[in-house]
Amino acid sequence: MIVNGSHYRTNWLKGSTVFMIDQNALPFEFRIHEARTCSETCDAIRTMITRGAGAIGAAAGFAMAQAYLESGGDQQFIEKAKNGIESTRPTAHNLFYAVEKVYKAGKTSVEMALKEAQRLADENVTDAELIAGYGNELIKNNSRILTHCNAGWLGFVDWGSALAPVYKAHRDGKNIFVYADETRPRSQGARLTAWELVNEGVPHTIVPDNAGAYLMSKGIIDLIIVGADRIAANGDTANKIGTFEKAIVAREFGIPFYIAAPFSTVDFSLADGRDIPIEERSQEEVLYITGPDEFGKIHRIRTAAYNSTALNPAFDVTPAEYITAFITEKGIIRPNNADLSRFKSNR
Ligand code: MRU
């Protein structure tokens with residue numbers, strides 16, 4: 001991604017420090033957060049300074065490498081660090097995928113752990129580029145595309161999953177228009193996706209989360225592309241809360257509903273989506289919003305009745321039958337009785 005004329009990745013490791021674009025500060029301020037230890041990187045994942053399935057995976061891999069650097073060979077320290085990383089965010093499978101791979105590599109040497117963490121971050125980028133190419137084939141000129149949450153540059157190490165085909169289509173000169181769901185309560189669509197689309201120069205508008213059925217009923221949406229946090233072997237897919245509603249409405253109106261994700265998001269140990277762990281986040285995210293006043297000073301403002309509580313499940317699971325196809329680094333996969341296990345051995 002190019003920001004202010006410079007190329008950035010969403011997060012990267014230099015020496016023993018993980019650098020990451022602070023996604024909590026965007027779109028109001030572009031700043032880089034530095035996590036100097038495994039524990040600091042865990043905090044950054046938990047508090048969503050870095051977020052989105054791919055970016056979480058890369059950061060978690062770096063955190064595991066940091067743990068090896070800090071351990072001085074103490075195996076108990078390594079095991080504790082691994083558990084700590086795995087407890088930061090429960091839903092995104094990329095986190096567990098990366099931690100396991102770096103953990104295994106580190107058994108050979110610290111250098112191997114570092115090398116593997118870097119390889120995984122690079123894989124994140126190459127997978128996204130392939131997804132961009134395959135997904136672009138599904139986007140016709142003059143397409144109007146709905147997306148939910150942020151599955152772009154910031155959700156991966158670069159390019160993104162759902163937005164990668166959008167960027168490719170735009171760079172290829174196709175006339176496209178994106179409807180970005182606001183994505184309450186944290187507003188990843190309004191804050192992050194919209195910020196990316198402005199930077200890429202992609203024509204777009206932000207829509208309230210509850211506008212989906214209206215827009216689809218009016219024939220305003222041609223296709224929907226979203227990302228994924230965990231996909232079960234049968235294709236059931238966990239993604240940001242509200243995704244399932246969009247899929248149901250899309251089916252009602254015959255609109256193609258695509259999931260863009262690499263195979264590092266597929267959890268082959270789960271036969272279907274029933275056992276996907278769903279993160280429940282703080283009710284504060286629902287009861288308050290944060291943003292700048294006209295002078296740029298950031299405020300946190302309550303938007304709900306005093307003395308009310310809030311429920312904040314962060315993801316939902318869309319059954320495979322609602323998904324038109326998966327856009328993956330291995331091509332477009334249509335899930336008629338999806339059994340993704342046939343791809344397992346290649347990963
Ligand atoms: O809670 P988040 O912001 O990490 O959730 C992100 C999403 O749900 C994305 O849609 C998902 O990770 C897709 S790939 C970046």
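Start by selecting the ligand, which sits in the largest cavity. Keep in mind as you look around that this is a predicted model.

**Stop 1: the elements around the ligand.** With the ligand still selected, colour helix H2 (53–71) and strand S11 (237–240); these are the elements that give two or more residues to the shell around the ligand. Next, colour the two domains, domain 1 (2–128) and domain 2 (140–346). Why does the ligand lie between them? Both domains give residues to the shell around the ligand, so that is where it lies.

**Stop 2: the shell.** Now show the residues that surround the ligand: there are 19 of them, and the closest are Arg51, Arg89, Gln188, Asn239 and Lys240. If you colour the shell by class, you will find eight nonpolar, seven polar and four charged residues.

- Lysine 240: an N or O atom of its side chain is 2.7 Å from an oxygen atom of the ligand.
- Arginine 89: here too the side chain takes part, with an N or O atom 2.8 Å from a ligand oxygen.
- Glycine 52: this time look at the backbone, where an N or O atom lies 3.0 Å from an oxygen atom of the ligand.

How much of the ligand's accessible area does the protein cover? On its own the ligand has 410 Å² of accessible area, and the protein covers 100% of that.

**Stop 3: two cis peptide bonds.** Leave the ligand and turn to the backbone. Most residues other than glycine have a negative phi, and most peptide bonds are trans. The next stops show exceptions.

Select leucine 26 and proline 27: the peptide bond from one to the other is cis, with omega near 5 degrees. To place proline 27, look in the loop between strand S4 (17–21) and strand S5 (32–35).

Then go to arginine 184 and proline 185, which are also joined by a cis peptide bond, with omega near 5 degrees. Proline 185 belongs to the loop that runs between strand S7 (176–181) and helix H7 (188–200).

Stop 4: Finish at cysteine 149, in the loop between strand S6 (143–147) and helix H6 (163–171).

How values were computed: Residues are numbered from 1 along each chain as its sequence is written. This is a predicted model: local features need pLDDT of at least 70, side-chain atom pairs count only at pLDDT 80 or more; totals for chains, interfaces and linings use all residues. Side-chain values use heavy atoms; hydrogens and water are left out. A residue is near a molecule or strand if one of its heavy atoms lies within 4 Å of it. A polar contact is a pair of N or O atoms within 3.5 Å; within protein, one must be able to donate a hydrogen and the other to accept it, and residues adjacent in sequence count only if both atoms are side-chain atoms. Accessible areas come from the Shrake-Rupley method with a 1.4 Å probe; for residues, only the protein chains shown count as cover. On a 1 Å grid over the protein atoms alone, a cavity is a set of points where a 1.4 Å probe fits but cannot get out, and a pocket is an open set with protein on both sides within 12 Å along at least five of seven lines; lining residues have an atom within 4 Å of a point. A molecule sits in a cavity or pocket if more than half of its atoms lie within 2 Å of its grid points. Helices (H or I, at least four residues) and strands (E, at least two) are DSSP runs, numbered from the N terminus. Ala, Val, Leu, Ile, Met, Phe, Trp, Tyr, Cys and Pro count as nonpolar, Asp, Glu, Lys and Arg as charged, and the others, Gly among them, as polar. Domain bounds come from an automatic or database domain assignment.
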